[in-house]
Amino acid sequence: MRLVVADDSRVMRQIVIRTLRQAGYEGFDIIEASDGADALDKIEAENPELVLSDWNMPNMTGIELLNTLRQTGNDVPFGFVTSEGSEEMRDTAADAGALFLIAKPFTPESFRDALDPHVA
Amino acid sequence: MSLMMMSRTEWQHRVDLEQLLDQIWESLTDTPAVLDFSTPEFSVPDGTPLISAAVHLRGDWEGTVRILCTDAMAERIAGHMLAQPTAALIRDDVNDALGEVANIIGGNVKSLLDGVEKLSLPEVQRFPAPGDVQGDHLHTCIARWRDLLIVVQVIEAPQHRRTAHIN
């Protein structure tokens, strides 16, 4: 399974990848992106099966990335991993077409709860 | 939109920084939460290299969440976050790690306060002690992780410096 992990923090990308492994998701082909614009390029080039994206990033935010994808007809499964987990943010994410929002700090269990329904 | 000032009591009623820090430590450092919050003050010898990371919140409540620690503590945090020995770390990784801790605290604070609309990207600074480590803070939380300390400061923006409109 090919997966894009977008976060402007390299450290956080590594923690997301480590947590995926701890949650039992082994053998993923993971593509890292350093902001929303970089993620957009890599999603278009690599055609991943899932995107995990931070919300607050320079150049292009996560919600701008999701909106751009949907406006261009790309319906890649998309979830947020972000430090802001208010109901308002969750509603905004869901309205834009996100499958889930994982709030930081997270655990392997919170990854499993969010991803299991969408990962074969 | 009315801008809100908050008392220390009201702040502490809304935000449990100690519980939040415990959760962050367990998640990011991949170790059981072992923070000790009994240290009354942050004191290091003059000239000790310090590093701070701050995020700014804007909206009905405005202020800054800042974390502050020694270089040694920042390197330990980054090493655990990246699962690497501290000798293998580069400065950008240490800055990035501390900035991300500030971002997570700030994001959680934003979620707990009504009407905060904007969270900035983290700003990381390095300076020698004593530097700007004191001041009138809404809340100061000092956590000890083994033998080293990290300080979390919540600084409310003065009324006259607030922005009523969010860009």
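Cys69(B) is buried (under 20% relative accessible area, with exposed meaning over 50% and partly exposed in between, for a 1.4 Å probe and protein chains only), its relative accessible area being 0%. The model is a predicted one, in which local features need pLDDT of at least 70 and side-chain atom pairs count only at pLDDT 80 or more, whereas totals for chains, interfaces and linings use all residues. Side-chain values use heavy atoms, with hydrogens and water left out, and residues are numbered from 1 along each chain as its sequence is written. The cysteine sulfur closest to that of Cys69(B) belongs to Cys141(B) and lies 13 Å away, too far for a bond. Cys141(B), which is in no disulfide, also counts as buried, at 3% relative accessibility. Over all chains, a search of the whole structure finds zero disulfides (pairs of cysteine sulfur atoms within 2.5 Å).

Contact between the two chains (heavy atoms within 4.5 Å) involves 21 residues from chain A and 25 residues from chain B. About 1,800 Å² is buried between chain B and chain A, 50% of it on carbon and sulfur atoms; this buried area is the accessible area (1.4 Å probe) lost by two parts on being put together, summed over both. Three salt bridges (a side-chain nitrogen of Lys or Arg within 4 Å of a carboxyl oxygen of Asp or Glu) are counted between chain B and chain A, among them one that joins the side chains of Glu84(A) and Lys110(B), at 2.6 Å from N to O.

Methods. Chains lettered and ligands numbered in written order.
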